[in-house]
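Here is a friendly note to read with the structure open beside you. Take the points one at a time, and find each residue on the model as you go.

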Amino acid sequence: MDISVILSTYNAPRWLEKVVWGYQAQTYRDFEIVIADDGSGDETISLVAKLQKESGLTIQHQWHEDEGFQKCKIMNAAIAAAAGNYLVFSDGDCIPRADFLEQHVKARQKGFFLSGGYCKLNMEGSQRIDRELVLSGKAFDPDFLQTCGLKKKWSAKHCARGSWASIMNAITPTKPTWNGHNASCWRTDAMQTNGFDERMVYGGEDREFGERLFNAGLKSKQIRYSAICVHLDHKRGYVTREGIDFNKSVRSETQSSGRARTDFGILSE
């Protein structure tokens, strides 16, 4: 197995199914999906069992009891269980375009991690997306995305292909940081840094992992406009000001200390 796609999810089975349709359409086929499930209920468990049987994809389901927001913990379990040498991280509400994994494979390089982006849909557009729209690629058409709340100038950029996508990646002022909805790295690098810091709560919790990859000597590469996914709308019930401030303090300490490995990761210190 070349690639392990790690998808985080929590009690959003309708969205997760739409995302798996996107992986069924991938042009690059040497991959497995590892669903990092932060304690979803029976509906999601039944859906995953169905997808394992009927999708034609290799799907692992890493699950633990629901004890509040423990995403980083289940993500670490998914990393440890992954069979692939290369890890692509995304979410169970981000539908990939058919060339999504192909673009990650083309751009990957030793000593780098890849930083992607997304097109954010409104709720109406998220609900409208069906299997035919995903498998046909129409869900990634600029005209369709404009009906889902994306401004015209952004829909054109986010649907770029070929040399135009490469130009957009090169000139964007957005820094190539670690973005949990669309990022990738070698499994050895994830293990070297001991994965995600399990103290982190909701709100930018993924970014601290990227800071430690930088501290480990990695550089980042921008694929914001070539590896495309559309983000389905959802509520964000876990967000608190205190949580965001805590995450920022941990991230700031990681930056100032230069540490590459967390003591609160895959392997307990």
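1. Let us begin with the cysteines. How far is the sulfur of C185 from the closest cysteine sulfur? That closest sulfur belongs to C72, and it is 14 Å away, which is too far for a bond. A disulfide needs two cysteine sulfur atoms within 2.5 Å. By this rule the structure has zero disulfides. Please keep in mind that this is a predicted model, so every value here is computed from it.

2. Next, are these cysteines buried or exposed? C185 has a relative accessibility of 0%, so it counts as buried. C119 is buried too, with a relative accessible area of 1%. C72 is among the buried residues of helix α3, which covers residues 71-81. What lies over them includes β1 (3-9), β2 (31-37), β3 (58-63), β4 and α10.

3. Now look at strand β4. Six of its six residues are buried, so the strand is largely enclosed by the rest of the structure. Which residues of β4 point which way? Y86, V88 and S90 point one way, while L87, F89 and D91 point the other way. Strand β4 pairs with β1 in the parallel sense, over six bridges, and one detail to look for is that V5 has V88 as its bridge partner in β4. Strand β4 also pairs with β8, here in the antiparallel sense and over five bridges.

4. Y86 deserves a paragraph to itself. This residue lies in strand β4 and is buried, with a relative accessible area of 0%. Leaving out residues up to four places away in sequence, Y86 touches D2, I3, S4, R108, L114, S184, C185, W186 and R187. Notice that C185, from the opening point, is in that list.

5. Which residue stands opposite Y86 in β8? It is W186, which counts as buried at 14% relative accessibility. The structure holds 11 aromatic pairs. In the pair made by Y86 and W186, the ring centres are 4.8 Å apart and the planes are at 80 degrees, so the pair is edge-to-face. The label follows because planes over 60 degrees apart count as edge-to-face. Since Y86 is in β4 (residues 86-91) and W186 is in β8 (residues 182-186), the pair ties together parts that are 100 residues apart in sequence.

6. F196 sits in the loop between α10 (187-192) and α11 (207-215), and F209 is in helix α11, 13 residues apart. F196 and F209 are both buried. They also belong to an aromatic cluster, together with F89, F113, W178 and F214.

7. R108 lies over the face of Y86, at 5.3 Å from the ring centre. K110 lies over the face of W186, at 4.0 Å from the ring centre.

8. What about the nonpolar cores? The largest nonpolar core has 45 residues, and V5, Y23, I33 and I129 touch the most other members. Helix α1 (residues 13-24) gives the most to this core, with six residues. Setting aside residues up to four places away in sequence, I33 touches V5, L7, Y23, L57, T58, I59 and Q60. There is also a second, separate core of 23 residues, including I79, M200, L218 and V250.

9. Finally, find the open sheet of three strands, in the order β5-β10-β7 and with mixed pairing. Which strands are at its edges? They are β5 (94-96) and β7 (119-120), each pairing on one side only. Strands β5 and β10 (residues 229-231) run antiparallel and are joined by three bridges. On the model, you can look for P96 and its bridge partner in β10, C229.

How values were computed:
Residues are numbered from 1 along each chain as its sequence is written. This is a predicted model: local features need pLDDT of at least 70, side-chain atom pairs count only at pLDDT 80 or more; totals for chains, interfaces and linings use all residues. Side-chain values use heavy atoms; hydrogens and water are left out. A nonpolar core is a set of buried Ala, Val, Leu, Ile, Met, Phe, Trp, Tyr and Cys residues joined through side-chain atoms within 4.5 Å. Buried means under 20% relative accessible area, exposed over 50%, partly exposed in between (1.4 Å probe, protein chains only). Helices (H or I, at least four residues) and strands (E, at least two) are DSSP runs, numbered from the N terminus. Contact means heavy atoms within 4.5 Å. Rings of Phe, Tyr and Trp (its six-membered ring) pair if their centres lie within 6.5 Å; planes under 30 degrees apart count as stacked, over 60 as edge-to-face and the rest as tilted. A charge sits over a ring if NZ of Lys or CZ of Arg is within 6 Å of the ring centre and within 35 degrees of the ring normal. Two strands pair if DSSP finds at least two bridges between them.
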